Amino acid sequence: MMIVGVIAFCVVLAILAFVVPRLSRHPQNGAQRTLGWGSRAGSKAPGPLGRLLSKPFQSSSRAVGRSGSAGRRARGRLPF
């Protein structure tokens, strides 16, 4: 369920970044901050379990950042 939510948020963020690049920064930073909290909470588990629990949050945060930057980059490449 979390995977579907992250994918949906990435799509919405990419569209928002393409349409209104400046207004997409705040939702992107908020999502990355929230996923960072999850990553830090998961990493407090001992040993390899901590790395295993924090990894989905790290990769989701990376995906959110990439989708926002991709939308802004595509907007910057428009000819008008």
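Leaving aside its neighbours within four places in sequence, which residues is Leu13 in contact with? Before selecting anything, bear in mind that this is a predicted model, and then colour Leu13, which you will find in helix α1. Beyond those sequence neighbours, Leu13 is in contact with Ser24, Pro27, Gln28, Val64, Ser67 and Gly68. Leu13 has a relative accessible area of 2% and is therefore buried, since buried means under 20%.

Now zoom out to the whole chain. The protein chain has 3 helices and 0 strands, and, read along the sequence, these give the pattern α-α-α. A box of roughly 55 × 20 × 15 Å, taken along the principal axes, is filled by the C-alpha atoms. Of the 80 residues in the chain, 29% are buried, while the accessible surface comes to about 5,700 Å², with 67% of that area belonging to carbon and sulfur atoms. If you consider the contacts between residues at least 6 apart in sequence, 66% of them join residues at least 24 apart.

Next, select helix α1, residues 2-19, and show the side chains of Ile3, Ile7, Val11, Ile15, Phe18 and Val19, which form a nonpolar patch on the surface with about 580 Å² of accessible area together.

Moving on from α1, select Leu23, which is placed in the loop between α1 and α2. Leu23 has a relative accessibility of 57% and is therefore exposed. A distance drawn from the C-alpha of Leu23 to that of Arg72 comes to 11 Å, although the two are 49 residues apart in sequence.

Then select helix α2, residues 25-42, together with helix α3, residues 48-76. How do the axes of these two helices cross? They come within 7 Å of each other and cross at roughly 170°, so α2 and α3 are roughly antiparallel to each other. On the α2 side, the contact is made by Arg25, Gln28, Ala31, Gln32, Leu35, Gly38, Ser39 and Gly42, and on the α3 side the contributing residues include Gly50, Leu53, Phe57, Val64, Gly68 and Arg72.

From Gly38 to Gly5 the C-alpha distance is 15 Å, with a separation of 33 residues in sequence. Arg33 is likewise found in helix α2, but at 49% relative accessibility Arg33 counts as partly exposed, because the term exposed is kept for values over 50%. Finally, a line from the C-alpha of Arg33 to that of Ser59 spans 13 Å, and the two residues are 26 apart in sequence.

Conventions. Residues numbered from 1 in each chain as written. Predicted model: local features only at pLDDT ≥ 70, side-chain atom pairs only at ≥ 80, totals over all residues. Heavy atoms only, no water. Patch = residues over 30% accessible without salt bridge, like charges linked within 9 Å, V, L, I, M, F, W, Y side chains within 5 Å. Areas by Shrake-Rupley, 256 points an atom, 1.4 Å probe, with all protein chains shown as cover. Salt bridge = Lys/Arg side-chain N within 4 Å of Asp/Glu carboxyl O. Helix = DSSP H or I, 4+ residues; strand = E, 2+ residues; numbered from the N terminus. Axes fitted to C-alpha atoms, helices over the stretch in contact; angles between N-to-C directions. Parallel < 35°, antiparallel > 145°, perpendicular 65-115°, else oblique. Contact = heavy atoms within 4.5 Å. Buried < 20%, exposed > 50% of the residue type's maximum accessible area, 1.4 Å probe, protein only.
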